[in-house]
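Please keep the viewer open as you read.

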Amino acid sequence: MGRVAGKVAIITGAASGMGRADAELLAREGATVVLADLNEQDGLAAVEAIGERARFMRLDVTDEANWEQVIAQTLAEFGRLDVLVNNAGLMSLGTVVDTSLEAWHKLMAVNADGVFLGCKHAIPAMAQGGGGSIVNMSSVAAMQGMSFVAAYCASKGAVRSLTKSVAMFCKQQGNGIRCNSIHPDGVRTPMVVKVATGQDSATREEIEALDSAGAMCEPEDIANLVLYLASDESRFVNGAEMLIDNAATITPPVGV
């Protein structure tokens, strides 16, 4: 217990799935967590479940002014920002030929622009307090060619490369901020189940079939890695791409 005691964290897309699991675990380990999401109903329910260490703030990650507002409010209420988890994301099916420019822009706005804006505005806030940790949620899609999610692959590749640029910038600045990316494969979240099954919700049999194929892990598996990267235990881990994929990247990718 207490691995991130006293730290203040902003977690985007925290109303459900991986983001909520991250918030729950960081709060249990002593952090104050800001659940930043557009989904106010589920976000407030998550805050109620987590308890006094949690706070909901509405955030559209594609809106720069909204980012500035959330970070300013976090500093005003808690006096510091130590951790940013850029978790919010979209996934949609489509090859490079099938994907419309509108769909491309929508996905890029959330998955790439949102991470850029988070890093851009969190760095000065963290530097005021002497450092911190930025955790960017990428994907194994950034490392393998998956023909059926062209825009998603491109957006997660952007996150992968941006993470390294941010890590180098912060190291050169000597501001004590680290930046790392996590690359999951097949996490059992509402978004992934919807894409995997083509439905808003999956039957027990469909989920069990995905599990038996070794295609899914739990949000808590990701949260454990987020906790490590958020904590001082990982003080010398910077610019790393952390795989949590059950060897997916050393086996042939899906869809070839």
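Strand 2 (residues 32-37) and strand 3 (residues 54-58) run parallel and are joined by five bridges. Between these two, the chain passes through helix 2 (residues 40-50), and this β-α-β crossover is right-handed. A crossover gets that label if, with the strands pointing away from the viewer, the path from the first strand over the helix to the second runs clockwise. Within the pair, Ala-36 has Met-57 in strand 3 as its bridge partner.

A word on where this comes from: the model is predicted, so local features need pLDDT of at least 70 and side-chain atom pairs count only at pLDDT 80 or more, while totals for chains, interfaces and linings use all residues. Residues are numbered from 1 along each chain as its sequence is written, and side-chain values use heavy atoms, with hydrogens and water left out. Helices (H or I, at least four residues) and strands (E, at least two) are DSSP runs numbered from the N terminus, and two strands pair if DSSP finds at least two bridges between them.

Now turn to strand 4 (residues 83-86). Strand 1 (residues 8-12) runs parallel to strand 4, with three bridges, and Ile-10 has Leu-84 as its bridge partner there. Strand 4 also runs parallel to strand 5 (residues 132-137), joined by four bridges, and here the partner of Leu-84 is Ile-134. From strand 4 the chain goes through helix 4 (residues 101-128) to strand 5 in a right-handed β-α-β crossover.

Strand 4 is covered on both faces: Val-83 and Val-85 on one side, and Leu-84 and Asn-86 on the other, are all buried. Buried means under 20% relative accessible area, exposed over 50%, and partly exposed in between (1.4 Å probe, protein chains only).

## Burial of selected residues

| Residue | Relative accessible area | Class |
|---|---|---|
| Cys-179 | 0% | buried |
| Cys-217 | 14% | buried |
| Gly-132 | 14% | buried |
| Gln-73 | 27% | partly exposed |
| Asn-246 | 66% | exposed |

Gly-132 is found in strand 5. Gln-73 belongs to helix 3 (residues 64-78), and its C-alpha is separated by 8.9 Å from that of Met-57, 16 residues away along the chain. Asn-246 lies in the segment after strand 7 (241-244) and has a positive phi of about 50° although it is not a glycine.

How many disulfides are there? The count comes to zero, where a disulfide is a pair of cysteine sulfur atoms within 2.5 Å. For Cys-179, the closest cysteine sulfur is in Cys-119, and at 4.7 Å it is too far for a bond.

## The second largest pocket

The second largest pocket holds about 170 Å³ of space. A pocket is an open set of points on a 1 Å grid over the protein atoms alone where a 1.4 Å probe fits, with protein on both sides within 12 Å along at least five of seven lines; lining residues have an atom within 4 Å of a point.

Its lining consists of Ala-167, Met-168, Lys-171, Arg-178, Arg-235, Phe-236, Val-237, Asn-238 and Gly-239. Helix 5 (residues 150-173) gives the most, with three residues. By type, the lining divides into four nonpolar, two polar and three charged residues; Ala, Val, Leu, Ile, Met, Phe, Trp, Tyr, Cys and Pro count as nonpolar, Asp, Glu, Lys and Arg as charged, and the others, Gly among them, as polar.

Terms used. Points joined across faces, edges and corners; volume = space filled by probe spheres on them.
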